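Please examine the sequence and the structure shown below before reading on. The explanation is meant to be followed with both in view.

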Amino acid sequence: MTEQPDAHGHAADEDRATARAREHTAAVEKALGALDLDTKAGLLSGQDMWTLPAVPAIGLRSLVVSDGPIGVRGRQWSAEDPSVALPGPTALAATWDPELARRAGHLLAQEARRKGVHVLLAPTVNLHRSPLGGRHFECYSEDPLLTGAIGAGYVRGVQQGGVGTTVKHFVGNDAETDRLTVDNRIAPRPLRELYLAPFEHIVENAHPWGIMTAYNQVNGSTMTEHRYLVREVLRGEWGFDGWNVSDWTAARHTVRALRGGLDTAMPGPRTVFGAPLAAAVRAGEVAESEVDEAVRRVLLLAARTGCLEGVPAAVAPEDVPEGIDGRAVAREVARRAFVLLRNEPVGGGRAGGERSGDERPAGEGRALPVDAATVRQVAVIGAAARDARVLGGGSATVFPEQIVSPLEGLRAALPDDVEVTFAVGADPRTRTPHARAGFTLRARYLTEGGQLLAETPQFDGRVLVMGRYPEGVTQHTLHAVELTGTFTPQITGRHVLAVSGTGDLRLTIDGDVRFDDRCTPDGSDPFEAFLHPAERRVEAVLTAGEQVDVTLRFVPAALGLGADMDALSFALGHAEPQLDPDAEMVEAVRAAAAADVAIVVVATTEEVESEGFDRSDLRLPGRQDELVTRVAAANPHTVVIVNSGSPVELPWREQVPAVLLSWFPGQEAGAALADVLLGAHEPGGRLPTTWPARLEDAPVTRVTPDDGTLPYSEGLFIGYRAWQRSGTDPAYAFGHGLGYTDWEYESLDTTPDSVRVRLRNTGRRAGRETVQIYLVPTAPAGDEAPERPARWLAGFAVVEAAPGESAEAEIPLPDRAFEIWDETAGGRRRVKGDYTVEASHSIDDCRLTAQVSVR
Ligand code: BGC
C-alpha cells in the first residue's frame, strides 16, 4: 500500500524547482534595483494589522497574512468572513499522521486563496514543556520528532497550495506568563535536541517560506534580535532562505532587529522599521546593503506567493489542489484525532484492580462503540454537549459558518426511535456565552448623524474588528455600531442577556430600553479590555416561540490600543433560563438514570485555557468532576468526552467504563463524535503528550519567571523523558490510545537505517494502528556515555488492515536518532553502543524488541 516515489518524477520536479528559484532570484534583483531607500524601508514594515505595502511601480502586490493554525481567519476578526475550523493542533498531532496534516494543509491553502491570503501565520511548533502552558493546545507535542513531522506535513500541504507559512514562534515560547519579556535560560543540549529540533526538521524537510520570531528572550537576547539563533543557526547552519517576521509588536529596536536578522516588523503602520529604519541608514547606523538583504527576502516571498508580477509563483496554478470539501476534512481529522483513553465492559472495571478481568476483544462487550440498535434512550449531559468548545482562544480563533455540537451530531446519527434527552448538569462558564441559538443578527455601522456606513451579517453576538473596518467605514466617520435583529426563545422563562464593551452600551428589547450605561474596563491592560471587556447582565422574561426584536447600540471609548488601528470589540451574550446549580445537577442525574447510556461532555473554558496567560491548575472548571461522579453512580454505562486542548485531571477516570478525548474538535465536532461513539469509525488518536494524574506529578510545573528569568533547569527532561526518570506513573502515557480492534505484532526486523514491523489485525473489524519505535540505549561503548533519557521516539507509521489481515510498516531510523548535541565539538555526535529497538503500541506498551549496535 506504500506509495512508491517516482524517481523520474522527483528529478523533474527538482529541475523545475531549481529553474523557478533562478527566475525568482533574477526577478528579486531586478525589483530591488528599482527601489529607493524609503520604499525599501517601508516594505519591511506592515502597513496595517495583516498586510504589507504594495509597490505598483515594480509590480509588487500587497502581501496579506493571516492566522492560523486551524483555519484562515482572513483580514477581518469577525464572523462576517467565515472560515472552515479544523480540529486544534493537539488534535492534529494526535493523529500521528503527517500525510493527514499535509491534506489539512491543502484545505487551508484553498481557504487562504479564497480569502486573498498569501501567507498563513502557522504552524505553532513550540513544545509541551509544561501542561500549564496557556498555548499548549496550539502546539503539537512534548516530543520534538512528532512535532517536527506533523509540522513538516502541515507546511508541505499549505505550500503545495501556493500559500506561504511562518513556522512559529522561533524559539522558546513554551509558556505565556510575561511572554513579551521573559528570558528563558536554556542550555545548549536541550535547546538543540528539544526546542530547536522541530524548527530544524521542518526547515530541512519542508522548506518553509517564512518563520515568526517569538516575543520572548532566549539566553539574554530577545528573539527578534537574536543574531546567533537567527543568522548563525537558522540561516547559516540550516540554510533557511525564507522570510523572518516578528510576532505582533515583538520588534523593539530598529538597528538591533535588522542586525538580528529580522525582515519585517508587524503589525503596522508604526513599527521600528519603515521611517525609523530609513533614518537609521541616513544617520549611518546601518548600511543600506543590510536593508537590501531583508528586502530581498520580502520580494522572494512575494515571488513565491505570486505577488510579484512578471515571474511565476512557486506553484503553478494547475498544480494547486482544488475542490477540497472542508467539512469532510474537518470531520475526518477530528475522528482520527479522538483518543480513546479507556474502554471497559459496562458494569466491570470500576476499580483499577478489576481491569484484568476483560479479555474480550477490543470494541466487543465494552462501553464503546454504543450499539444504536439496542438502546432506547440516550442522555447527553454537559454544557459543552450543546455549546461545544470547538477551538482554542486568542489569535488561533476563526469563525466557522456552522458548528455541529455533540448533541446535534448524536441526534442526527441516532435512529429516530431512540430518545435523546439533554441536561446541562454543570455549566463551568463564568461569562455569558455570545448570543447565537435563536438569534438572527447583523451589525450596522453608523455616523454620528445616524447615517448607515456599512452593514454586515453576524454569526453570533460578538462584534470584533481587529485590522480593518468593513468597506465604507473609516475611523473618522464611525461613531456607533448597532448589533440588531431578532431572537426567538425556545424556552419560556427568565433569560439572561449580557452586554460587554468599553464605551456606551444601550440594549433594547422590542423597543424597551433594558440597559443604558457607560462601561469601563476592570483592569489596566488594554488588550484584556479589548478582548474580554467586563460584562453586565440584565434579565428578560420571554416566551417560547415568540420572536422579539433586539438591538445593542455601542459607542466605543478610546482604549489606547494604538491610534492608527481599526479596532472594535463589544458583545451581546445570552443564557437560557437556568435552574439553580443544585437543581441542574439533580436533573442531569435523573436523565442519566432513566437512559440506557449517559454521554457526558466535560470541557475547559476560555477563562482557564487560552492565549495570553498560563493555566493555574489542571482541574476541570466548575462542578464538572462532581457531575461525572454522580452521573456514573446513576448509570453504569457512562461515557465521558473530554473537550479540552491540553491535559486536565480526571479524578473519576476509573469510575466510568469509557473516556474519550475530543481535544478542540473543530466545527464538525458532533458529527465526528457520533461517527466514533456509534462505531461507524474507530477513534484513531494516540496521545502526543503525557497526561498526568495530578498536576503535582507533572515534571515541569514552573512557568512563572523570577526577576524576569525562567530557567529551563530540567534540561533534557520534559514530557515522557522526565516521567520515565522519575518513575511516577502518569494517568495515561505518551502514545496511548485504544481502537476498536486488536493487533498482534508479529515481527520486527532491522536494517542499518530502518526497521520493518509486521503486524496482524486479530480483531473483527478493520482498523488502523500507529506503530511507534523507541530507542533504548543499553550498553554505551567506552566512556562515551552522555546523560540520555531511558528511551525516546525514533520513528512511527500508521498502518491499516482488514480483520485477520496483516500489514507492514517500514520506518526509517535516521542517524539523527542516535546523535546528541555536543557543545564542545559544536555539532552533533553519534553515540556508539548497543541499543534496544522497541516496536510499541505506546511508550509503556512495548510489543517486540530487536538489538542494534552503533560502532
Ligand atoms: C501571536 C501570534 C499571532 C499574532 C497575530 C500574536 O499575539 O503570538 O501567534 O500570529 O499575534 O495574531
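The model is a predicted one.

In R135, a polar side-chain atom is placed 2.8 Å from an oxygen atom of the ligand. For H169, the distance between a side-chain N or O atom and an oxygen atom of the ligand is 2.7 Å. The side chain of D247 likewise has an N or O atom 2.7 Å from an oxygen atom of the ligand. How much of the ligand's surface does the protein bury? The ligand taken alone exposes 310 Å², of which 94% is buried by the protein.

H169 also deserves attention for its backbone. This residue belongs to strand β4, which spans residues 167-170. The peptide bond that joins K168 to H169 is cis, with omega at about -10°.

Another cis peptide bond links G268 and P269, where omega is about 5°. P269 is located in the loop that runs between α9 (254-259) and α10 (275-282).

The next feature concerns phi. Although H207 is not a glycine, its phi is positive, at about 45°. H207 is situated in the loop between α7 and β6 (210-213).

Helix α7 leads on to a helix pair. Helix α6, residues 188-195, packs against helix α7, residues 197-206, at an angle of about 45°, and their axes are 5 Å apart. Because of this angle, α6 is oblique to α7. On the α6 side the contact is formed by L191, R192, E193, L194 and Y195, while α7 contributes A197, P198 and F199. Which residue classes make up this contact? The contact residues of α6 and α7 comprise 6 nonpolar and 2 charged, with no polar ones.

How values were computed:
Residues numbered from 1 in each chain as written. Predicted model: local features only at pLDDT ≥ 70, side-chain atom pairs only at ≥ 80, totals over all residues. Heavy atoms only, no water. Axes fitted to C-alpha atoms, helices over the stretch in contact; angles between N-to-C directions. Helix = DSSP H or I, 4+ residues; strand = E, 2+ residues; numbered from the N terminus. Parallel < 35°, antiparallel > 145°, perpendicular 65-115°, else oblique. Contact = heavy atoms within 4.5 Å. Nonpolar A, V, L, I, M, F, W, Y, C, P; charged D, E, K, R; others polar. Polar contact = N/O pair within 3.5 Å; in protein donor to acceptor, adjacent residues only side chain to side chain. Areas by Shrake-Rupley, 256 points an atom, 1.4 Å probe, with all protein chains shown as cover.
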